[in-house]
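Visitor: Please take one part of this model and look at it closely. After that, set it in its surroundings, step by step.

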Amino acid sequence: MSGPGHATYLGMPAFPEAADTSTRDTRLRANLRHATHTIRTKRATAVAELDDWGRLRAAGAAIKDRTLRHLDHYLERLESAVTAAGGQVHWAADADEANRIVTELVRATGEHEVVKVKSMATQEIGLNDALAEAGITAYETDLAELIVQLGDDLPSHILVPAIHRNRSEIRDIFAERMARWGRPAPDGLTDAPADLAEAARLHLREKFLNAKVAVSGANFMVAETGTLVVVESEGNGRMCLTLPDTLISVVGIEKVVPTFQDLEVFLQLLPRSSTAERMNPYTSMWTGTSDDDGPRTFHLVLLDNGRTDTLADTVGRQALRCIRCSACLNVCPVYERAGGHAYGSAYPGPIGAILTPQLRGTQSALDASLPYASSLCGACYEVCPVAIDIPEILVHLRERVVEGGPVSVRGTRAVIKPAKGHAAERAAMRAARWALDHPSVLRTGQRLASRTRRLHPRRLPGPGRAWSDTRELPAVPAESFRDWWQRTRATNDRSTP
Amino acid sequence: MRVGLFITCVNDTLYPHTGRAVVTLLERLGVEVGFPAGQSCCGQPHFNTGYRHETEPLVRRYATAFRGYDHIVTPSGSCAAMVRDNYPRIGAKAAAEGRGQELAEAAATVVPRTHELTEFLTDVLGVTDVGAYYPHTVTYHPTCHGLRMLRLGDRPRALLGAVRGLDLVELPGAEECCGFGGTFAVKNAAVSAAMGADKARNITATGAQAVCTVDNSCQMHIGGTLARQGSAVRPVHIAEILASTEEHVW
Amino acid sequence: MSSRDLVMARVRRALADVPRGESPSEVVVERTYLRRHGDRTPAQTADLLAENLTDYRAAVHRTDTAGLPALIARLLTARNATTVVVPPGLPTDWLSATEVRRIPDSADLTPHDLDAVSSVVTGCAVAIAETGTVVLDASPDQGRRRITLVPDHHVLVIRVPSQVVDSVPEALERLDPSRPQTWISGPSATSDIELTRVEGVHGPRALDVVLVTEG
């Protein structure tokens, strides 16, 4: 491998610890606040242009639900349509298998370099690292992915992986690192976005013109026709999809849609939700291979890697509707303050908080903490173009963490135990429920608190510090409402039990 | 019309004056209010933390306590949303787990009768001018569950707009969560505090004397943060403003 | 068991809750969304197309059939073009007024060859007014996808009104999924730096769109 070593998500701390660090990073906070607030407002404007947004959203959700409920049917159709159009279809049950397939396909071409279109699926499976181990260098060609790769960094946003970097940081990364990977940055590079884009154009052009193999993902796959769709802005996607001889697309099995006509819904929902544009600059569609136009060889690698486990959960299944627009990240107050890295996977933000614990399970401390990385404010659900009820799934997954229960693990039904570290909380919850279910006990507790209220400290010890470190405690009143009612009104109450 | 007040555990224990304001307000509007003593907590802290099974007795308790009331009124957007959105889910899941329809039926009996206070005033009683007087500058923070689950929309603002003497000032970033989120406030204390700090700064910057919400659980967090920041802005529940009159400024 | 069979078996197990015998069409999809947003005359539709293309920094020009060759010549001159790639089926009179050296599109043209070319002139398959999008489908007047990608200047000709539709749904009705397609909405752009849009990354940085009124 010619570039520097890759950063990885492995061994990251649980969300609260990671977020505790990032909330104190003032530059990160400022970068994220600026970027997310900019796009948030623009999205609202772009969406408001369409009177029928709610109906498009409902149709998008329904099309995805139809697909998911009959995924076996649509995958078979897709496979035969892609094959009939000259493509070769491969199936990967997990990340290792997908990486092995892609590595072998690249090796078979005799090449040692590939150009890549930004792809969440290949980020998820850690393809670049796997290729590097096999002596194959993968060049990321999306501007933000390039920033991440050159900076030996990790993506922190679905649409804009380098959202945590501001223009001056990007300038420094380009100036210092481009030479190690190819054409150096121009002398005197400024931090003007147009200059930075120009530097990326020059740096990557030699890679595009010489590339023999490209790796991509896809936004949509049409079962009926075998057509794949890549939605992008910069043209790096077009370069990768049309110039090399061999194209390998790694795509999650949930990305299939039934018909070509169905694209009329998603090509309206996605750009407005994602980059807040009426339409993104470039969308490429291809069906197998074409004579003299584009790659002579096309491989489609269909990826499971936990998707069938997600599909098996009738509540969590709706997460597979996701079209990776990132609108939920851009409105999320938790994402804005914690940053994408705290989510410890390729999928940050609210969608990551429901997708990662389903794809990977809830066994690690990090994955078990993700369903709690939300105040349940519901802003994500409101903007989701395919109406994924993210708060509902978060609560559903919290239950899986603290209560355990039936799940699907690599395709097999299993019953998992509650995650570790919740014993004290469980006991407290049970005790609280018992008290709340016995109003006389509750009343005794309230009266005790009222009688001792002068003695209450302003700051709590132990776990209570999590509250009182930053917030005053409410004063306990002299008399609960219940007692006030009893004292003044009880005779009026016709329904005393 | 038999109206039962669901006070909520937070108001019962920590904010009884909000409950007294609701009673004062409703009685002024000619509503006879009952308070079934069998009531307790809606179960939201348990449910939202993942303890669905611990929630079930509280669903049952709520349904039993309010049997016979035409309407159930609560001064809490999130508790009303808990009943309306989550009780049916809890019932459906219990049925799916083979434990019969009892919980689902209990949920179905309370969902249509449960109203957040401002909804009850505007939709059931059909009033926006409740005859209140509150001579202060107030900013309004729409709490998330009221805004996005109950879809309260302009109801609270319309009610505040009709209050004599009240000067309503817009809150920048109003629709952003304050960062309370129940157990989120302690499980993710750093992010919760950061959200609260931003919210409190926005509130103070309005120059208002009071910040009004429909939910005292959010207010506990907002008010606690304002106080820690040394802000003079006072948190006040909408019921207290609406209960206030020339004769008795709340 | 092959991985294919393994994944398919997992999918079927995961869908145990779906009743046997349910067909995909039984999952209701209500297409109550609009086929187009608003009612416009053909002239208004063309105006909207021009407006939206301009909004995303394409340079929009309007002419009639007779004026087209001169306009194309002027656009190539303005860019100081010395060479222009020509798709095999481009109407011959379109380039009749320019002296710029023509390079016919052919399979022999390497990406490096194309990188040395100044401009490309093409027609299109359809254009979408509501989104400011032009769709190429590699028909003879448009050529292979790469010729509209590597050169830095693209002159794109749309016949008005016959090639203009209002909306995305109307465009898809006209397109053949078996043909490779490129949907273009303004020149190459990125929002990757602070989520602020910057025009001009890898695709042609100059996009001249010509609306030719048929008559």
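Guide: In α7(B), the buried residues are L117(B), T118(B), E119(B), F120(B), L121(B) and T122(B); a residue is buried if 20 or more other C-beta atoms, placed from the backbone, lie within 10 Å of its own, exposed if 12 or fewer, and partly exposed in between. Helices (H or I, at least four residues) and strands (E, at least two) are DSSP runs, numbered from the N terminus. The model is predicted: local features need pLDDT of at least 70, side-chain atom pairs count only at pLDDT 80 or more, and totals for chains, interfaces and linings use all residues. Residues are numbered from 1 along each chain as its sequence is written, while chains are lettered from A and ligands numbered from 1 in the order in which they are written.

Just after α7(B), G126(B) has a positive phi of about 70°.

The domain assignment of chain B gives domain 1 (3–124) and domain 2 (137–243), with bounds that come from an automatic or database domain assignment. Taken over C-alpha atoms, the centres of domain 1 and domain 2 of chain B are 22 Å apart. Their contact takes 27 residues from domain 1 of chain B and 23 residues from domain 2 of chain B, where two residues are in contact if their C-beta atoms, placed from the backbone, lie within 7 Å. On the domain 1 side, α1 (9–14), α2, α3 (44–49), α5 (77–96) and α7 of chain B each supply at least two residues. Of the elements on that side, α2(B) gives the most, with 6 residues. By class, the domain 1 side has 12 nonpolar, 12 polar and 3 charged residues; Ala, Val, Leu, Ile, Met, Phe, Trp, Tyr, Cys and Pro count as nonpolar, Asp, Glu, Lys and Arg as charged, and the others, Gly among them, as polar.

I241(B) is among the residues with the most contacts inside the largest nonpolar core, which has 302 residues; a nonpolar core is a set of buried Ala, Val, Leu, Ile, Met, Phe, Trp, Tyr and Cys residues joined through C-beta atoms within 7 Å. Not counting residues up to four places away in sequence, I241(B) touches A132(B), Y134(B), V138(B), L160(B), V163(B), L166(B), C212(B) and V236(B).

Now the whole of chain B. There are 13 helices and 8 strands in chain B, and 61% of its 250 residues count as buried. The radius of gyration of chain B is 18 Å, which agrees with the value near 18 Å for a compact globule of 250 residues; the radius is taken over C-alpha atoms, and the globule rule is 2.2 Å times the number of residues to the power 0.38. Along the principal axes, the C-alpha atoms of chain B fill a box of roughly 55 × 45 × 30 Å. Of the contacts in chain B with a separation of 6 or more, 77% are between residues 24 or more positions apart.

Beyond chain B, 56 of its residues are in contact with 51 residues of chain A. Chain B and chain C do not touch, and their nearest C-alpha atoms are 12 Å apart.
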